[in-house]
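I opened my notebook to look up a few things in a structure. I wanted to write each one down in plain words.

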Amino acid sequence: MFQFDSFHMYGVIGSAVIFGILLTQIIKRMQIKSIDNKDLVFEDKDFLPKKYLLGGTIFGLGWALTGACPGPMFALLGAGYYAILIPIIFAILGTLAYGLLKDKLPH
Amino acid sequence: MNNFLYEPWPWYVAGPLISLIMFALIIGGKTFGVSSNLRTICSACGAGKISGFFDFNWKAQTWNLVFIFGVLIGGYIANNFMTTDDSIALASATVDKLSAIGISSENQSYVPREIFDLSNNDNLILSILLLSIGGFLVGFGTRYAGGCTSGHAITGLSQLQVGSLIAVIGFFIGGLIVTHFIYPFIF
C-alpha cells in the first residue's frame with residue numbers, strides 16, 4: 001500500500017469508510033437504538049493533535065515493519081502464521097511501556 | 001459463483017463488510033476497536049498494580065476479547081477451508097521493488113517468507129528484530145493514539161472525527177517512512 005502500486009488496500013479502507021459514514025449517518029438520523037434499547041450517542045473526541053499525530057506515526061512505523069495492525073495479527077495467528085506471535089507479544093509489551101511512560105509524553 | 005468465495009475477496013466486498021461489522025458492534029452497544037484489547041490484556045495480567053493506566057475494570061471489556069478470538073477463528077476458517085492458493089497478488093511494480101531488496105516470495109506465500117518463516121531463515125536475527133520492534137511500536141503507538149486502523153481509520157472516520165483523521169495521517173507518515181527510508185536501508 002505504501003508503494004502506491006496497488007489500489008487494493010485503499011479500496012478496502014476507502015470503501016469501508018464511505019460505507020461506514022453512511023451507516024453511521026443512518027444510525028444518527030433514524031435515531032436507531034442499541035439492541036438493549038439504549039440511545040446511541042457519538043461523543044466527539046477531544047482535540048489533541050500531538051497525541052494523535054505522534055501516536056499515529058509510531059503505530060504507522062510498526063504497521064509497516066510487521067505488515068499487520070492489531071486485528072490482522074489475530075487473524076494471521078488463527079490462519080497458522082505463528083511467527084505473528086512475536087509481534088503480538090511485543091505489542092502487549094509496547095502497550096505496557098506506554099502505560100508506564102505516558103505521563104512523560106506530549107499529549 | 002463458487003470460485004468467488006475461495007479467491008481473495010475484492011476490496012469492494014471486504015471494505016463494506018468491515019463497516020457492517022462496525023455497524024453490528026455499535027448496534028450491540030459496543031464499538032469497533034481492536035487495539036484496546038492490548039490494554040485489557042495488560043490489565044488482566046495485573047499491570048494495574050504498576051500503572052494507573054491499567055487499573056480499571058478490565059472484565060467489562062471481555063466482549064472485545066471475545067471479538068478478537070472470533071477474528072482468530074475467522075482467520076483459521078478462511079485459511080483452512082476457503083483458501084485454495086494462499087499466494088498474494090501484489091502489483092508487479094511492487095514485486096520488482098521487493099525483489100531488488102531481497103524479498104522474493106511474493107507469489108509463493110501469504111506473508112514474506114524472508115521474515116515470517118522462522119524455521120528456515122537466512123536473516124533470523126533481522127527477522128526477529130523486525131517482528132519484535134515492529135510489534136512494540138504497534139502496541140506503543142496504538143495506545144498513545146488511542147486506537148488503530150479499526151478504531152480510528154474505520155470507526156473514527158465514519159463518525160467524521162477530526163482526531164481520527166489526524167491519527168490516520170500519522171499512520172501514513174509512519175508507514176511511508178518505513179517503506180521508503182527504512183526498508184531499503186536494512187535489506
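**Entry 1: a glycine in chain B**

Leaving aside its neighbours within four places in sequence, which residues is B:Gly146 in contact with? I looked them up and found A:Lys51 and A:Gly55. I note here that this is a predicted model. Next I asked where B:Gly146 sits. I found it in the loop between H7 and H8 of chain B. Is B:Gly146 buried or exposed? I counted 23 other C-beta atoms within 10 Å, so B:Gly146 is buried. The cut-off I used for buried is 20 or more. I also checked B:Ser164, which is 18 residues away from B:Gly146 along the chain. The C-alpha atoms of the two are separated by 9.2 Å.

**Entry 2: a helix of chain A against a helix of chain B**

Two packed helices are described by the angle between their axes and the distance between the axes. I looked up both values for this pair. I read the crossing of H2(A) past H7(B) as left-handed. How do the residues of this contact divide by class? I wrote down 16 nonpolar, 8 polar and 1 charged.

**Entry 3: the two chains together**

How many residues does each chain bring to the contact? Chain B gives 87 residues and chain A gives 76 residues. I listed the helices of chain B that each supply at least two residues to the side touching chain A. They are H2 (11-27), H3 (36-44), H4 (62-81), H5 (92-100), H7, H8 and H9. I also sorted that side of chain B by class. It has 56 nonpolar, 28 polar and 3 charged residues.

**Entry 4: chain B as a whole**

What secondary structure does chain B have? I found 9 helices and 0 strands. Read along the sequence, the pattern is α-α-α-α-α-α-α-α-α. I took a box along the principal axes, and the C-alpha atoms of chain B fill roughly 50 × 45 × 35 Å. Chain B has 187 residues, and 37% of them count as buried. I then looked at contacts in chain B between residues at least 6 apart in sequence. Of these, 47% join residues at least 24 apart.

**Entry 5: an alanine in H8**

I picked B:Ala153, which lies in helix H8 of chain B. Is B:Ala153 buried or exposed? It counts as buried, because I found 24 C-beta neighbours inside 10 Å. I set aside the neighbours within four places in sequence and looked for contacts. B:Ala153 is in contact with A:Ile13, B:Val168 and B:Phe171. I checked one of these again. B:Val168 is 15 residues from B:Ala153 along the chain, and their C-alpha atoms are separated by 5.9 Å.

**Entry 6: two residues with positive phi**

I looked for positive phi values outside glycine. A:Asn37 has one, near 60 degrees. A:Asn37 lies in the loop between helix H1 (8-29) and H2 of chain A. It counts as exposed, because it has 7 C-beta neighbours inside 10 Å. B:Leu160 also has a positive phi, about 60 degrees, although it is not a glycine. I placed B:Leu160 in the loop between helix H8 (149-158) and helix H9 (162-186) of chain B. With 14 other C-beta atoms within 10 Å, B:Leu160 is partly exposed.

**Entry 7: inside chain A**

How is chain A divided? I noted domain 1 (1-43) and domain 2 (45-107). Their C-alpha centres lie 22 Å apart. I then looked at helix H3 (residues 70-79) and helix H4 (residues 85-101) of chain A. They pack at an angle of about 140 degrees, with their axes 9 Å apart. H3(A) and H4(A) are therefore oblique to each other. Their crossing is left-handed. Which residues make the contact? From H3(A) I listed A:Pro70, A:Met73 and A:Leu77. From H4(A) I listed A:Leu85, A:Pro87, A:Ile88 and A:Ala91. By class I counted 7 nonpolar, no polar and no charged residues.

How values were computed
Residues numbered from 1 in each chain as written. Chains lettered and ligands numbered in written order. Predicted model: local features only at pLDDT ≥ 70, side-chain atom pairs only at ≥ 80, totals over all residues. Left-handed = near helix turned anticlockwise from the far one by under 90°. Helix = DSSP H or I, 4+ residues; strand = E, 2+ residues; numbered from the N terminus. Nonpolar A, V, L, I, M, F, W, Y, C, P; charged D, E, K, R; others polar. Domains from an automatic or database assignment. Buried ≥ 20, exposed ≤ 12 C-beta atoms within 10 Å, placed from the backbone. Contact = placed C-beta atoms within 7 Å. Axes fitted to C-alpha atoms, helices over the stretch in contact; angles between N-to-C directions. Parallel < 35°, antiparallel > 145°, perpendicular 65-115°, else oblique.
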